[in-house]
Amino acid sequence: MSVKRINLALQGGGAHGAFTWGVLDRLLCEEDIEIAAISGCSAGALNGAALKAGYVEGKNAGARARLDWLWGEVGSRPELKLQEWMTPFSLSDVSRAIEYSWPVLAADAWTRAVSPYSWGPLYVNPLEPIVRGLDFDRVCAETVGAPSLFVCATRVKSGKVKVFRDAEISAEAILASACLPTVFQAVDVCDEATGEVEAFWDGGYTGNPALFPLFDGAFPSDIVVININPLERTDLPRTAQQIQNRINEISFNSSLLRELRAIEFVQRLLDQGKLKQDEKARVLIHMIADDALMNELSVATKLYPTPYTLAKLKSAGQSAAENFLSAHKADLNERGTVDLVEMFA
């Protein structure tokens with residue numbers, strides 16, 4: 001059986017990362033697809049860490065089980081119990097209902113006016129118990145056959161990206177990658193090489209996710225981007241929440257688009273013969289997304305997950321992955337399936 005080796009680039013986007021859960025669950029059913037490396041940011045970092053820990057424990061089945069555990073934990077927070085009235089409605093209906101509910105509107109206003117440092121000793125990061133529940137001996141393992149893992153965070157001091165790899169990854173690194181500064185206090189991470197402690201914010205500002213770690217010659221040429229922040233929104237944002245959400249989507253997509261533009265530029269030079277293949281490798285880009293669905297959702301379903309919305313997003317991710325495999329599995333390791341020239345035309 002011919003094995004197709006790929007790299008994964010997993011975007012952040014809060015609880016919308018459950019879409020990525022569904023994509024990964026479907027990809028892991030393919031025995032002839034091998035995941036060589038993963039670059040993840042925020043929710044993508046959580047997904048990547050869960051996948052790797054599970055894979056080290058029990059190959060693909062273990063990875064699927066660990067991802068199920070992760071999102072089961074996210075959906076079982078006591079304050080986010082499933083509300084029975086949601087079940088007859090579509091995901092977009094539920095998203096709008098949550099977005100305009102008074103607790104969400106009050107919380108949104110609070111985060112705009114009050115710093116997370118205002119809580120003092122009462123401050124807690126609700127992600128911390130989930131992240132610390134990951135098995136970091138396995139997350140950090142450099143086991144033969146297990147994917148290499150890269151986690152992106154943003155240095156508060158310099159505004160530069162920091163990429164943690166395998167043994168460097170800790171609970172603090174994952175929490176830093178998912179640290180929205182209006183919601184969470186900056187996360188301190190110690191650089192083991194220098195002993196310096198540095199503060200970090202969400203990696204989405206500088207790499208959502210970073211692609212450059214996947215350019216290593218030891219990894220395959222194919223990068224499958226699992227995109228959960230829509231590149232385009234058809235409707236003009238009008239409410240304060242919608243405007244802020246679109247600003248965040250644009251800023252969080254900008255680093256990815258910059259890297260894709262650079263890849264397109266290099267490919268153009270290769271096609272024109274101005275660069276030789278031994279000077280720059282040809283990167284094959286693929287993308288799994290459901291922009292139509294994400295256009296129907298709001299920031300509310302990113303920040304306020306329920307088991308209902310997570311299950312719906314997982315199902316949507318499974319369907320998107322199925323469609324991608326039906327259309328493009330044969331293209332893996334052969335050609336890219338994203339028209340970068342058209343994307344930047």
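## A serine in a loop

Ser42 has its place in the loop between β2 (33-41) and α2, in a structure that is a predicted model. The phi angle of Ser42 is near 55°, which is a positive value in a residue other than glycine. With a relative accessible area of 9%, Ser42 is buried.

## Other backbone features

Asp166, which is not a glycine, also has a positive phi, of about 45°. This residue is found in the loop between β4 and α7 (171-177), and its relative accessibility of 4% means that Asp166 counts as buried.

In the loop between β6 and β7 lies Pro209, and the peptide bond that joins Asn208 to Pro209 is cis, with omega at about -10°.

## Aromatic pairs

The structure holds four aromatic pairs. In one of them, the ring centres of Trp21 and Trp71 are 6.2 Å apart and the ring planes are at 10°, so this pair is stacked. Because Trp21 belongs to helix α1 (residues 17-27) and Trp71 to helix α2 (residues 43-75), the pair ties together parts that are 50 residues apart in sequence. Both Trp21 and Trp71 are buried.

Phe150 and Phe219 form an aromatic pair that is edge-to-face, with 6.0 Å from centre to centre and 80° between the planes. Since Phe150 lies in strand β3 (residues 148-155) and Phe219 in the loop between β6 and β7 (222-226), this pair ties together parts that are 69 residues apart in sequence. Phe150 is buried, and Phe219 is buried as well.

## Charges over rings

The charged end of Arg66 sits over the ring of Trp69, at 4.2 Å from the centre of that ring. Lys162, for its part, lies over the face of Phe164, and here the distance to the ring centre is 5.2 Å.

Where in the structure does Lys162 lie? Lys162 is part of strand β4 (residues 161-165), and with a relative accessible area of 14% this lysine is buried. If its neighbours within four places in sequence are left aside, Lys162 is in contact with Val151, Cys152, Ala153, Arg155, Glu168 and Phe200.

## A nonpolar patch on the surface

Which residues form a nonpolar patch on the surface? The patch is made of Val156, Trp201 and Tyr205, which together have about 230 Å² of accessible area. Trp201 is found in strand β6 (residues 197-202), and its relative accessible area of 32% means that Trp201 is partly exposed, a class that lies between buried, under 20%, and exposed, over 50%.

Notes: Residues numbered from 1 in each chain as written. Predicted model: local features only at pLDDT ≥ 70, side-chain atom pairs only at ≥ 80, totals over all residues. Heavy atoms only, no water. Patch = residues over 30% accessible without salt bridge, like charges linked within 9 Å, V, L, I, M, F, W, Y side chains within 5 Å. Areas by Shrake-Rupley, 256 points an atom, 1.4 Å probe, with all protein chains shown as cover. Salt bridge = Lys/Arg side-chain N within 4 Å of Asp/Glu carboxyl O. Helix = DSSP H or I, 4+ residues; strand = E, 2+ residues; numbered from the N terminus. Buried < 20%, exposed > 50% of the residue type's maximum accessible area, 1.4 Å probe, protein only. Phe/Tyr/Trp six-rings, centres within 6.5 Å; stacked < 30°, edge-to-face > 60°. Lys NZ or Arg CZ within 6 Å of the ring centre and 35° of its normal. Contact = heavy atoms within 4.5 Å.
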